[in-house]
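My entries follow in the order in which I made them.

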Amino acid sequence: MASGAAAPADVLPRVPGPRGATRPMLASDGDLPRGAGWAFEFVWSGLRCFACARDGQLRLIDSDGHDVTSGFPELALPAAEGLVLDGVVVAEDPVGRPSMSLLRRRRRVARPSRALVSGTPVSYYVFDVLEVEGRSTARLPYRQRRELLGGIDLAGGHLVVPPSFTGVGADEIVAAARQYGLEGVVAKRLESTYQSGRRSRSWITAEITRSQDVVVGGWLPPRGRRDGVGSLLLGVPSDGVLRYVGRVSTGVTAAARREILDASAGLDRLVSPFHGDLPTDVEGAAQWVAPRLVGRVEHRRWTPTGLLGRPVWQGLRAGTHPATVHAPVLAAPVVATDLALDDLETIDRPTTLRPGNRRAVDAVVPPETEAPGVLVPAAADVVVPDAEVEAALRSRYSAHFVHNALTAIAAFVRVDPTRARELLTEFADFTRYSFRTADTTTTVAEELRNAKRYLTLEQARFGARLGVEITVGPEVENVVLPPFVVAPLVENAVRHGIEPVLGGGTVRITAAGAGADCVVTISDDGAGMGPEASRAASQVDARHGGIAEVSRRLRAAYGGRCDLHVDSRAGSGTSVRLRVPATRAEAPAGRLVG
């Protein structure tokens, strides 16, 4: 088959599955158990595959028995014979959430180009082991299989062992999954065996849903009729207009239809209340109403095109004003670019933001809010956004980084406990810095020290594949910066530059004075970002910053007195340079290197 051609299922070669496991074990839907004897994992949406070691490398076999390795060449890694793993091929968005739309780009191509592999990378999330050295482990209990899995050398940025949680409550895991934007949680009985091809009650999965208030702008009649309420047409206010976010029919019962008809009496209108284009089947058949009725839906997530994913109607919210409904916010593009940002994820965040307060940071942060070990600069002419805005926008680490860092630390616990303790300390310090009080500024030295912590943790995962060079001029160590503007750029270099390259590469950070300015440059000699990766790097959500969010933060702090420039080409690496006024704090920051 020619390179880049699609791969119909009937053309893919069928291969025998691993011994005793021709079909994957499946989870049953239900309420998560509350008692002891269970482990919890996050649900990672993707392509379920066995990974079987054949001829010295992993081969991916999907649940229908097709060999799909050629479609994911970065996952054909060296492996000892007789190893069979169960897991999911996952394409992640920039904040570590599984993205089915990104995965479909890869699934459509049997033999992807280097540009596609680099621009839309995938990982194999391993959650079970079925054979070790040719011996079946299917009859071992889940807890023992997880122990075996933890002892297998799965080094490599594209193989991930996601966490399994025991000794915690189901509600805590669900809350964490909702926080990270994941789609569900699966509970697995600790003593359960692997039951090939069965949908077992030993594995129970629960979907994560989210609530969203919406404004009813009209409805479509039931199928085959010209009047009556069928599917409700929904919108949310944004920038002074009502934007269409989809339709809902699930949950619209006969009682709900009567309630809507009664509540909409006198609200009929001849034209659509929605701004912008609507689906063609909506325009001619809809009954429009004035946007006065507010309801609530449960949904799975926002789609890349800004629509509600699988909404379920929950009912009208009497007495709720449409002005209180908040629209999701689309992420901004990186810098000046002609990319069509058609895959931007959405986030739930109010669009009305109070302007930042321009003030001198010359007050001491109260002890209860000051982050340990963080220098508080004084007399810095930097705009600090309101604490409320900053709390919503501050950059935190991605789920991708959290899971990989903890997995790497867990691996060292078995072979080098001292190193594991060192890494855990680095992770704790990184976490403390990332969750520091937002209404502060920081310095170049502190920002780079935090980036160094991140790189230390990533080096534990990548080993010799990740080189690090940090050079800081003493004249800029004490220059004031808004917090969390360096680490997201460093993570971008690792994720888009180093991780996709088999041999890895080096991340370089330099900071130096340039006249009255300070210039910080983060570069890598890795894969570079072609259009697809550049588009991904421009996406951002409320919990984790990317290039676009760093640019926004700098503009909020310095206005037109700063600059962020990205120079990247596929195959030749990426360089991100930020220039800010060299306003210095009074107290010395302490040397970062040397």
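**Confidence**

I looked up pLDDT (the predictor's confidence in each residue, from 0 to 100) by element: the highest mean in the protein, 95, belongs to strand β19 (residues 312–316), and the lowest, 26, to strand β22 (residues 357–361). Helices (H or I, at least four residues) and strands (E, at least two) are DSSP runs, numbered from the N terminus. The protein as a whole averages 76, with 75% of the residues at 70 or above.

I then noted two stretches with pLDDT below 50. Residues 1–17 are one of them, with 32 contacts beyond near neighbours in sequence; contact means heavy atoms within 4.5 Å. Residues 531–545 are also below 50, and have 65 such contacts in the model. Where pLDDT is low, the predicted coordinates should not be read in detail.

Residues are numbered from 1 along each chain as its sequence is written. This is a predicted model, where local features need pLDDT of at least 70 and side-chain atom pairs count only at pLDDT 80 or more, while totals for chains, interfaces and linings use all residues; side-chain values use heavy atoms, without hydrogens and water.

**Sheet of 5 strands**

I read the strand order of this open sheet as β25-β27-β28-β30-β29, with mixed pairing; two strands pair if DSSP finds at least two bridges between them. From one strand to the next the twist averages 10°.

I checked β25 against β27 (residues 505–514): they are parallel, with 7 bridges. Leu 466 has Gly 505 in β27 as its bridge partner. Helix α10 (residues 444–462) packs on this sheet and touches β25, β27 and β28 (517–524), at about 165° to the direction of β25. Axes are lines fitted to C-alpha atoms, for helices over the stretch in contact, and angles run from 0 to 180 degrees between N-to-C directions. Helix α11 (residues 487–498) lies across β25, β27, β28 and β30 (574–581), at about 150° to β27.

**Sheet of 4 strands**

I found a second open sheet with mixed pairing, in the order β1-β10-β9-β2. Its edge strands, β1 (26–29) and β2 (38–42), have a single partner strand each, so one side of each lacks a neighbour in the sheet. Neighbouring strands here are turned by 40° on average, direction ignored.

I saw that β1 runs parallel to β10 (residues 199–207), joined by 4 bridges. Ala 27 stands opposite Ser 200 in β10. Helix α3 (residues 142–151) packs on the sheet, touching β2, β9 (184–189) and β10, at about 50° to the direction of β2.
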